[in-house]
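Me: Could you walk me through this structure, starting with how its two chains meet?

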Amino acid sequence: MASKAKPQGLFDGTIVAAASVDALRKLDPRALAKNPVIFVTEVVSLMVTLLFIRDLVTHNGMAAFSGQIAAWLWFTVLFANFAEAIAEGRGKAQADALRRTRTDTRAKRYIDSENLGGVVEGVNALDLSLGDVVLVEAGEVIPGDGEIVEGVASVNESAITGESAPVIREAGGDRSAVTGGTTVLSDFIKVRITAAPGSTFIDRMIALVEGAERQRTPNELALSILLAGLTIIFLIVCVTLWPIAKYSGTVLSATVLIALLVCLIPTTIGGLLSAIGIAGMDRLVRFNVIATSGRAVEAAGDVDTLLLDKTGTITFGNRMATEFLPVNDVRSQDLAAAALASSLADDTPEGRSIVALAKGDFGLAEPKLDPKTTVVVPFTAQTRISGVDVAGCWIRKGAIDSILRYLKLPIEKTPVEFRQAVERVAMSGGTPLAVAEEGRLLGVIHLKDIVKPGIKERFAAMRAMGIRTVMVTGDNPVTAAAIASEAGVDDFLAEATPEDKLAYIRKEQSGGRLIAMCGDGTNDAPALAQADVGVAMQTGTQAAREAGNMVDLDSNPTKLIEIVEIGKQLLMTRGSLTTFSIANDVAKYFAILPAMFAATYPVLGTLNVMRLTSSQSAILSAVIFNALIIIALIPLALKGVAYRPVGAAALLRRNLLIYGLGGLILPFIGIKAIDVVVAALHLA
Amino acid sequence: MTFVGWAQIALLLALVVGCAVPLSKFIAEVYAGERNFLSPVIAPVERGFYRLAGVDPAREQDWLAYTLAMLAFSIAGFLVLYGVQRLQGVLPLNPRGFDAVAPDLAFNTSVSFITNTNWQNYSGETTMSHLTQMVGLTVHNFVSAATGLAMAFALVRGFARSTATTVGNFWVDMTRVTLYLLLPISVVGALLLIALGAPQTLAGAVDATTLEGAKQTIAIGPVASQEIIKELGTNGGGFFNANSAHPFENPNAWTNLIEIWALLLIPTASVLAFGRAVGAMRQGWAILAAMAVFLIVGIGVAYWSETGGNPILTALGVDPSAGNLEGKEVRNGQAFSVLFATATSGTSTGAVNTMHDSLTPLAGMVPMFNLLAGCIWPGGVGAGLYGFLVVAIIAVFVAGLMVGRTPEYLGKKIETREMKLAMLAVLIYPLSVLGFTGASVLLQTALDSLNNSGPHGLSEIIYAYASANANNGSAFAGLNGNTLWFNSTLGIVMLLGRFAYVVPVLAMAGSLAAKKKIPASAGTFPTDGPLFIGLLVGVIVILYLLQYFPALSLAPIVEHFLMLGGKTF
């Protein structure tokens, strides 16, 4: 997808230009009403503008001051709008790229969807309805989301995944789902349409990345309430300050009171809140994960337990040969040679790994076999044996029970060393294979699940964040336990059926925990739906993709971990900027209050710790700082605050220090600096 | 400041905490409805009350039923109290023949006592008959405190329970707190005060001849019994106008010690009982530690400012080493005067043994800030606990987001509904205090009540509304509150401060109880360590400082600077 094609800078020129226009358009109070903080700012900006006009007309000497205040208040609103617009703009660019794949496709629809040998008619893809069956041939674009009912084809799904390598799609099984907008490269398939036009996968993606359907997430809503509450509190503070000041002998001008109000209400976080939300979704999209709702992203941050499939997530998809264990007086070298010869006809990944091990560790060359005297016995799932007959002499390798059956040798009669080797391999979580030559057992090949490098460290990081990892596998408990301990997961579910998975999720949830998992098969669908965060693989079935609340376009189950991190980062960014915004207020008081009462109570000048030049420059500087800080923090809002996998306490301490203490101190410096400039330019 | 002074303060605080630990265990038993060592004596009485009232103690209420029961009880209490005051002229036990209390004053007083405020716009000894004092005021000293603790119980159950629909039974909580907790300690405490010299009689007054030969009428009455519950129930309504500065209410150093101890005891113990109820004492200790920071810093500021004396008097040749003694009983001394002032405002007691009006500006700002924050260190009986927990929830919300999880406190997720209710509750404070202060300074009738002008006059008004709102009841004095304007507006503010605050809190209890309890993990930040205590302190300072800084800077802060410049009001 677009994100893979070209990474966008934070401030791409065209996006900035579009966002600037959008910022103006967003001044519409109906649109702003959903953001109470900025809405209030807009209302009071309008009031100060009117005051400015009055000052201008009456020549009372205040016009220069109220005019500048009015301008900066408008800038505050515009900067907030700009932040939102720029976050949306980044999504829009991606949506446009997706939309190009959706241009009017033609479809060949079977007139009778029950008779797939019958006649097809040409229709527009947008006219397809649920249950229609269409024929898609090589070179054609699949007109809509559906299930293959007949045929097998290689499909280019780069429109969605950005991955140009074609994938095989076939009827039946877990690879039967196809997505509208992708292209059939070879053969033909007959597809039953499962999504009405307008609600296809691509349509949903476009809506999501564009933010058109963006609803405020639960935490965002709760935070909005806090911000609205603070806004009301500061409204009360400012409105009641007028009579209290009057009692004290100062008649405060509305302009000054409004300036104080805007400085106090949390405009910084209020202005950046929706940008943070949009950017969070956007980060996920860039990561090639589509979440069906912002709620799912937030839930990801809350996850307590990760359910991870062993194969493909924790270990590489295939077991690999790691050692040869000869029995009796057989030399390792001979065992390796026999294993190599017998595996030449084994095309499975395991077979290839045996060849690789023999060639690599033992330096054996590819044996030159005379085709005339050689009979190759290929590996089949039924016999589970492969081998060669060279000039009447045979070599076989395969599963222990298959080889013993081939040799007609009961396990009790095998050499003790052989049995010990088999036992050892099994106990360590590996799979033993036997190698035999001419009725004699040569030894055992150790096939092992290879844990992905670095995964153990990731799990340790998860643990530090308080997240438990649970490995799900079809292996027996002994094998599962061995791999679990090697990978460093907290728990495992051995010989797991889809029902076991579902039951485990329910059990954890009843204890108040939130669960994330990923899956691709139809039988994963109930568990995906039950989990709080269910990540379906793009390569999975339609049922799985609909059950989950996220879809991973790269079909990489390890991503679950990053998804959790993105969820956490989203919440952290909100929390940190809220703290920053509120902490800022202290300095603004120290700037504005002494300035307000300089005439009545010159002694309050003691509170003017920043030694600001004049009353007007103090108030103006605070307002300017308040506006500029929004712009300054847009990159942080879009990128998110730095996330580190340390415990909650350490994270809080760090963020409190940076955003709490930083938020307390920074405005003292910022306002002072602006005051110096304001004074130098004689603005006030 | 002297070493002895600090030692006195430290000793008393240690005594409070030392007694609060065992008492918290007892409160937890009362909360859980468990049998305790008093059950053999009291349980039959308790059952009798339930049978009389037709209450099934085993049947619990959801939050709404609990709230309605509490409101119904408070309204009934208000009506009876109002009636008794208006009819006291024709009712018995009126040895000095006082007339009916005026309607606006009776309204103010009734509201004041049902809300556990005990703001007094009257002089008790010259206004209220013994019957009014005993069956009217003293009864509410008990039940308004019991109501406060019952409401805190409901909120604690919200945290302690998982997916529950009920939060307890108001009638049972209120009855049990009164019978098991307040009455037994009060009986012992009253006897102790009598032994130490406080009067307890139904006689009206004693006529005495002074040394100069003049005739003097000295008011007496059932003082000791009202005195102990005044402190224990964080009520503060004195028998005499001079309150605990009066030698009959507070005869000597020992009674002074007992009274400060008594007003801090139950609020402190109930915080620890909260820890027990949620299954982790450390949670209770963390809250208490945050409260202690405010209380002790407050004592320190006030003590420092008071012993620093008044530079204007020093300039006139007064020995500064004596500090500021205006408005103080010399027998109480500076340390125990500022301790009393800080403790009475840190709790919602409002009893005084020194005149807050006469404190130096910064020392006076300490009780004022305590009131503005809602009297939550450690707060009124029950009210302090639920008041502080609301602020803790707001602190947890912000902090929780900063660690990247939906904020949770004690295993309960803090979500939209809780934030809505918490903000609804805390909005009452600035609305009442700043709103009515703003209105009062615009009204000449209100300003006519002031004895002082300038920043000091402003302090008096802010203090009055803050006191009413926090259901404290102490006054900065210097303000004549017995006018139609202040009687009615202070009455309204007391009602808002109590009920408009607590109804959202009870709703929150209901919504928390219904939630699942989430087990803690390394991803949940610990709410029982120094980091959390620091966070709580920081959030409270910022939250309240931001709300009240403008008002405070125009009142005590500017007064302080002006005093340094030689100007007084």
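**Where the chains meet**

Reply: Happy to! Arg405(B) and Asp304(A) form a salt bridge, with their closest N and O atoms 3.0 Å apart; the term stands for a side-chain nitrogen of Lys or Arg within 4 Å of a carboxyl oxygen of Asp or Glu. This is a predicted model, in which local features need pLDDT of at least 70 and side-chain atom pairs count only at pLDDT 80 or more, while totals for chains, interfaces and linings use all residues. Residues are numbered from 1 along each chain as its sequence is written, chains are lettered from A and ligands numbered from 1 in the order in which they are written, and side-chain values use heavy atoms, with hydrogens and water left out.

Me: How much area do chain B and chain A bury between them?
Reply: Buried area is the accessible area (1.4 Å probe) that two parts lose on being put together, summed over both. Carbon and sulfur atoms hold 78% of it here, and the total for chain B and chain A is about 5100 Å².

Me: Which residues of chain B lose the most area to chain A?
Reply: Three residues together make up 15% of what the chain B side buries. They are Met402(B), Leu546(B) and Leu554(B).

Me: How many residue pairs are in polar contact between chain B and chain A?
Reply: A polar contact is a pair of N or O atoms within 3.5 Å; within protein, one must be able to donate a hydrogen and the other to accept it, and residues adjacent in sequence count only if both atoms are side-chain atoms. With both residues at pLDDT 80 or more, the count is eleven.

Me: Which helix gives the most residues to the side of chain B that touches chain A?
Reply: Helices here are DSSP runs (H or I, at least four residues), numbered from the N terminus. Those giving two or more residues to this side include H14 (383-402) and H15 (416-442) of chain B. The most, 15 residues, come from H19(B).

Me: Is Asn219(A) buried or exposed?
Reply: Asn219(A) lies in helix H8 (residues 218-247) of chain A, and its side chain makes a polar contact of 2.9 Å with that of Thr406(B). Buried means under 20% relative accessible area and exposed over 50%, with partly exposed in between (1.4 Å probe, protein chains only). Because its relative accessible area is 3%, Asn219(A) is buried.

Me: What distance separates the end C-alpha atoms of helix H12 of chain B?
Reply: H12(B) is mostly covered, with 13 of its 14 residues buried. The expected span of a helix is 1.5 Å times one less than its number of residues. For residues 333-346 that should come to 20 Å, and the distance agrees: 20 Å.
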